[in-house]
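Thank you all for coming; I would like to take a few minutes to walk through one structure. Please have the sequence and the model open while I talk.

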Amino acid sequence: MIRLIRAELVKLSTTRLFLWLGLLIVALSGFVTTITILSTDELSLATLNQQRSLAQFAAVGAIIALIVGIVLAAGEYAHGTIAHTFLVSPVRPRVVAAKLIAGAIVGVLVTGFAELVTWTIAAAWISGRSVPFLLDSRAILDTYLGILGAGALAAVLGVGLGAVLRRQTAAIVIALIWLLVGEPVLSIAGIQEYAPGHAFAAVAVAGERSSELLGLWPGLLVALAYGIGFAAAGAVAIERTDVS
Amino acid sequence: MAGAPPIEVRGLTKRYGSTVAVDDLTFSIPAGRITGFLGPNGAGKTTTLRAVLGLVRPTAGEARVAGEPYRRLRDPLRRVGAVLEADSFHPARSGRNHLRVLALAGGIPLARVDDVLAEVELTGAARRKVGGYSLGMRQRLSVAGALLGLPELLVLDEPANGLDPEGIRWLRNFLRAFTAGGGAVFISSHVLAEVAQLANEVVIIHRGRLVAQEPLETLMARAAGGTVARSPEAERLRALLAEAGLEASISSADELRVAAPPERVGEIAAAAGIVLHELRTEAATLEEVFLGLTSEGPS
């Protein structure tokens, strides 16, 4: 199993995927962090809550982790390399398991990178203002851990979704439309807190009180249920699908 | 499993909805030989090969490799090397990295990657992205992937498609060298001439069903055909040939067709003092035999 996981990680690291997604993280985190700091007065910026909000911008990494998960599964069908994969490892549930574990590892790495980028950009802007830098406070540690967990789970869900659909572009588009349109629509009905995006957000903010989100543990349970559910559906779909 | 044929297909059937791609196909291939897998486009060759390799689940029947279903093989890369389409690569990944992924997943030492790249003469292009490879280079990369585990069986699906004459010659020499080392090769093609220069055996399918499985020499003998003789005493000659155990048919007033070499027909006619106006071999080409087999439908 370890060799399959290593192979999955090498697959991801030997294309330009990480380069482009890394640039995307820098652009998104950098833009939002910069705009927020520049538009916030120093009194507000000096509070722990405000700087925790800055740290939470790194949760964009969980969306990138979701895309990486989709690419891990559906990308192989897009390029036809899935045949090579199954020729080397014909027991398909093992392949799916390797992709899920590799996805979770990369999800942590991607969100960790997003945290590093957000932290660095915030540090650069805050050092120019007369406010204390609190992003290295132990009080924000739960936020950092929550974002890493959300990244791992989002990548697992992405692998499952990619395996179910087996069409890379369609899977990414559907996931983004769901997050940008589907969940806001659910918000109107007041049932958004059980939707996957909101469940992952509850994990990412580590249970910070919000009327729109579940608490940490219920959120984690719902996010886990989505991750496991999509992973199981993906495993069944891949097992039943011919590679022709 | 010791003694099991490299590939054994029994009652294999694959349906896609109402379309029957492979219909109750049964054959096996011998060890240490090159077996050509022939049939027109759409005959079911690729589906059969993918069922053999565990990529397609049969509707009925089974396919075994060395006595086991492919999905149950331990370390399949060390047992079977497969060459499928030449375009199933990530275009942004280098050839060397493609092979590294396979070697890592298959538990093959990474040193083999450079060995097989040298074997298929791709060392110089190893670090280039596959998207920039020519069709021939991608085909060689496929072969390199198939060789990683030093398998005893190679399965190739239309490997000559799109190759230039130099590439085809390289492939031919390579496969001959592989079987000289004791390996078995199962190679599909819709062009008999391609396989005829290589194969020892042929399996021919049409519309998903087996049409013929025989040594290439037997197919060649079919192609050798018979003899046409013209004589004013055609009926008497036919009777004499029948006495000699040779089946002959009168195709026109003075013309006979005999399933025997012209030398034998000429000797019988001369011994009986029968005048011959014409004596010639009627030879079909291998391609004509192939087309005949695959146009009449399954036997």
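Let me start with helix 1 of chain B (residues 45–52), which lies across strand 3 (34–38), strand 6, strand 7 and strand 8 (201–206) of chain B and runs at about 145° to strand 6 of chain B. Helices here are DSSP runs of H or I of at least four residues, strands are E runs of at least two, and both are numbered from the N terminus. Axes are lines fitted to C-alpha atoms, for helices over the stretch in contact, with angles from 0 to 180 degrees between N-to-C directions, and contact means C-beta atoms, placed from the backbone, within 7 Å.

Before going on, please note that this is a predicted model, in which local features need pLDDT of at least 70 and side-chain atom pairs count only at pLDDT 80 or more, while totals for chains, interfaces and linings use all residues. Residues are numbered from 1 along each chain as its sequence is written, and chains are lettered from A and ligands numbered from 1 in the order in which they are written.

Helix 4 of chain B (residues 135–147) lies across strand 5 and strand 6 of chain B, running at about 165° to strand 5 of chain B.

Now to the sheet itself, which in chain B is open, has six strands in the order 5-6-7-3-8-9, and shows mixed pairing, where two strands pair if DSSP finds at least two bridges between them. Strand 5 (80–83) and strand 9 (209–215) of chain B stand at the edges, each with a single partner strand, so one side of each has no neighbour in the sheet.

Strand 6 (residues 153–157) and strand 7 (residues 184–189) of chain B pair in the parallel sense over five bridges, and Leu156(B) stands opposite Ile187(B) in strand 7 of chain B.

Terms used:
Two residues are in contact if their C-beta atoms, placed from the backbone, lie within 7 Å.
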